[in-house]
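User: I'd like to learn how to read a structure like this one. Can you walk me through it feature by feature?

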Amino acid sequence: MNLGYACINMTIGKQYSTNRSMIKRTFQQRGLDYVSELALKNASDIVPILEWNRLNGIKFFRLSSAIIPWGDKLDLTELKDYKQICYELKKAGDFATHWDMRINAHPGPFVVLTSPKDSVVENSLLDLEMHGKIFDMMGLSKTPYNNINIHCNGVYGDKKSAMDRFCDNFQRLSKSVRNRLTIENDDKASMYSVKDLMYIYDKTGIPIVFDYHHHKFCTGGLSEEEALKLAATTWPKGITQEVHYSESKEGNKPQAHSDYIKQLPYTYDMKIDIMVEAKAKELAILPFIK
């Protein structure tokens, strides 16, 4: 079992970051050269963060989706620092591979392959392809071991039709993305449970990432153990199942993530890698690793 955290290292965040980005107005004003400068800085800081993780026993890390700001709108080869960015990304991928560290990504809520709007779907496909290109530049495996994880996000009044659109749009993705894509259960009863997502798995073979916290609010009539083990059946042989774990933040709506966690989830004797989605990032998992 590996414990991981997402995107930002709180301990060394003032020195190293992979989240340098910009708003649309800045992008329009400063253009490709500024994008290139930020992307190179982001890419160059991956290895120092991974080295910190290695020294602290952390072998699972979610890479930021902001590595290349506005990258889904660009031809990356036009960036002035493209070759150096490629070098830094490959160096980070080689580092992770050498030290047996698992890297993945989780594109944001604007990626909606269930949407009936063509423009939303087109932007979603571009965003996913950018993630695939970055992982290819890093030399990461084209398997769910280095997964690109998303939610279905929209039901639009007819869950089955929405899932059918998801499956159709999935086929439009490159093999690089299709082979890495995973889907996750939601935290609203009206959305997608693990049981719902099995419909997509049966049509596409996309593995399901089980989120313990979300399952509390969208069970699909399954117990925690049943949902975890059902999701496990979707993962290819030889690739450890990924799960997400978080706890409710006191004083907020129950779905909100806490800063720290009080315990680790019960694994039911399953072999899993746990991405802990706590606001305190690596600080939340260090006590359990040590």
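Analyst: We'll go from the overall fold to one residue and then to the aromatic rings. Keep in mind that this is a predicted model.

User: What does the radius of gyration say about the chain?

Analyst: The idea is to compare it with what a compact globule of that length would have. For 290 residues that would be near 19 Å, and the chain has 19 Å, so the two agree. Buried residues make up 54% of the chain. Also, take the contacts between residues at least 6 apart in sequence: 78% of them join residues at least 24 apart.

User: And the surface and charges?

Analyst: The accessible surface is about 13200 Å², with 51% of that belonging to carbon and sulfur atoms. There are 38 positive and 36 negative side chains, and the centres of the two sets lie 2 Å apart.

User: Let's zoom in on Leu3. Is it buried or exposed?

Analyst: Buried means under 20% relative accessible area. Leu3 has 8%, so it counts as buried. Leu3 sits in strand 1, which covers residues 3-6.

User: Which residues is Leu3 in contact with, leaving aside its neighbours within four places in sequence?

Analyst: Among them are Ile58, Phe60, Leu264, Ile274 and Phe288. Phe288 is 285 residues away along the chain, yet the C-alpha atoms of Leu3 and Phe288 are separated by 8.6 Å.

User: How do I read aromatic pairs?

Analyst: You describe a pair of rings by the distance of the centres and the angle of the planes. Here the count comes to 6 aromatic pairs. Take Phe27 and Trp70: their ring centres are 5.1 Å apart and the planes are at 5 degrees, so this pair is stacked. The pair links distant parts of the chain, with Phe27 in helix 1 and Trp70 in the loop between strand 2 and helix 3, 43 residues apart. Phe27 counts as buried at 18% relative accessibility, while Trp70, at 24%, counts as partly exposed.

User: What about Tyr266 and Tyr268: what kind of pair do they form?

Analyst: An edge-to-face one, with 4.7 Å centre to centre and 90 degrees between the planes. Tyr266 counts as exposed at 54% relative accessibility, whereas Tyr268 is buried at 18%.

User: Which residues do ring pairs link into a cluster?

Analyst: That would be Phe210, Tyr212 and Tyr245.

Technical notes: Residues numbered from 1 in each chain as written. Predicted model: local features only at pLDDT ≥ 70, side-chain atom pairs only at ≥ 80, totals over all residues. Heavy atoms only, no water. Helix = DSSP H or I, 4+ residues; strand = E, 2+ residues; numbered from the N terminus. Buried < 20%, exposed > 50% of the residue type's maximum accessible area, 1.4 Å probe, protein only. Contact = heavy atoms within 4.5 Å. Rg over C-alpha atoms; globule rule 2.2 N^0.38 Å. Areas by Shrake-Rupley, 256 points an atom, 1.4 Å probe, with all protein chains shown as cover. Lys, Arg positive; Asp, Glu negative; His and termini not counted. Charge placed at Lys NZ, Arg CZ, Asp CG, Glu CD. Phe/Tyr/Trp six-rings, centres within 6.5 Å; stacked < 30°, edge-to-face > 60°.
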